[in-house]
Amino acid sequence: MTQDRLAGLRVLVTGGAGGIGAACVRAFAEQGAAVTVADVDGDAARKAADDAGGTAWTVDLTDTAALEDLQLDTDVLVNNAGIQRVAPIDEFDPAAFRLIHRLMVEAPFLLIRAALPGMYARGFGRIINISSVHGLRASANKSAYVSAKHALEGLSKVCALEGAAHGVTSNCISPAYVRTPLVEGQIADQARLHGIPEEEVLARIMLAEQAVKRLVEPEEVAALAVWLAGPDAGMATGASYPLDGGWSSR
Ligand SMILES: NC(=O)c1ccc[n+]([C@@H]2O[C@H](COP(=O)([O-])OP(=O)(O)OC[C@H]3O[C@@H](n4cnc5c(N)ncnc54)[C@H](O)[C@@H]3O)[C@@H](O)[C@H]2O)c1
């Protein structure tokens with residue numbers, strides 16, 4: 001149901017064609033915002049944008065040199081696009097490490113940098129960074145992802161300090177495993193790998209650190225993003241909001 005709480009706001013969601021990003025696109029559109037879907041998958045971006053009555057921007061955000069002279073006219077920026085590679089540090093491909101940092105640290109920095117002048121001029125802006133429980137806690141075999149998400153948390157805090165005087169807030173949302181096609185595929189793989197039923201993969205592997213033993217739903221992440229963009233969240237800045245079923249309370 002459209003509620004128009006965010007009518008008049010322009011929202012850019014990176015990685016908006018799939019998973020959490022697509023849920024954000026739907027949720028912002030339902031609140032009356034004008035949404036731009038930025039994604040490397042042009043067809044999926046156009047489909048998500050059409051469904052939301054928004055605009056598609058086909059862009060490979062790992063091409064960070066192309067983002068250096070960008071100017072972004074948006075009221076809300078959701079830095080969401082991300083990827084994962086898993087290997088121990090001594091076997092980790094340096095190119096994959098750099099790629100993850102380009103997409104998940106450099107690109108958010110450059111997009112924020114491109115959006116802030118307009119936000120400062122209008123005296124309003126919302127930076128929402130989709131981090132992870134891995135921005136707050138480490139897991140083995142995820143050196144690139146964990147270090148990139150920790151960097152994103154730091155970038156978000158600096159942006160909050162600099163933006164405050166200009167009406168700009170910056171926050172992270174830090175979920176544990178979210179029910180996306182990416183994670184559902186991992187469940188099947190882990191089940192095969194460990195020779196256990198898929199239901200046990202969740203409890204014994206993915207949800208081991210959580211008190212609430214279920215996956216996060218993409219819509220739960222999107223609802224928090226919508227709240228952070230809304231009129232009640234002006235004092236919420238420089239923070240990280242875990243949606244991790246208690247994982248980071250350990
Ligand atoms: N799924 C989880 O369990 C989970 C948990 C915590 C945090 N996150 C974070 O949430 C974000 C979204 O994850 P997701 O699970 O929805 O992923 P996903 O793979 O379902 O979707 C990611 C989207 O980003 C796009 N993308 C990938 N590379 C890109 C590039 N170079 N340029 C532009 N777009 C690109 C993809 O095309 C896709 O549409 C990521 O930052 C991820 O780290 C995910």
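These legends go with a few close-ups of a predicted model. Local features need pLDDT of at least 70 and side-chain atom pairs count only at pLDDT 80 or more, while totals for chains, interfaces and linings use all residues. Residues are numbered from 1 along each chain as its sequence is written, and side-chain values use heavy atoms, with hydrogens and water left out.

**View 1. The open parallel sheet.** Seven strands line up as β3-β2-β1-β4-β5-β6-β7, with parallel pairing. Strands here are DSSP E runs of at least two residues and helices are H or I runs of at least four, numbered from the N terminus; two strands pair if DSSP finds at least two bridges between them. β3 (55–58) and β7 (240–243) sit at the edges with a single partner strand each, so one side of each has no neighbour in the sheet. Neighbouring strands are turned by 15° against each other on average, direction ignored.

**View 2. β5 next to β6.** Strand β5 (residues 125–130) runs parallel to strand β6 (residues 168–175), and six bridges join them. Look for I128, whose bridge partner in β6 is N171.

**View 3. α5 packed on α6.** Helix α5 (residues 181–194) meets helix α6 (residues 198–206) at about 95°, their axes 9 Å apart. (Axes are lines fitted to C-alpha atoms, for helices over the stretch in contact, and angles run from 0 to 180 degrees between N-to-C directions.) That makes α5 roughly perpendicular to α6, a label covering 65 to 115 degrees. The contact (heavy atoms within 4.5 Å) includes V183 and I187 of α5 and V201 and L202 of α6.

Key:
Parallel < 35°, antiparallel > 145°, perpendicular 65-115°, else oblique.
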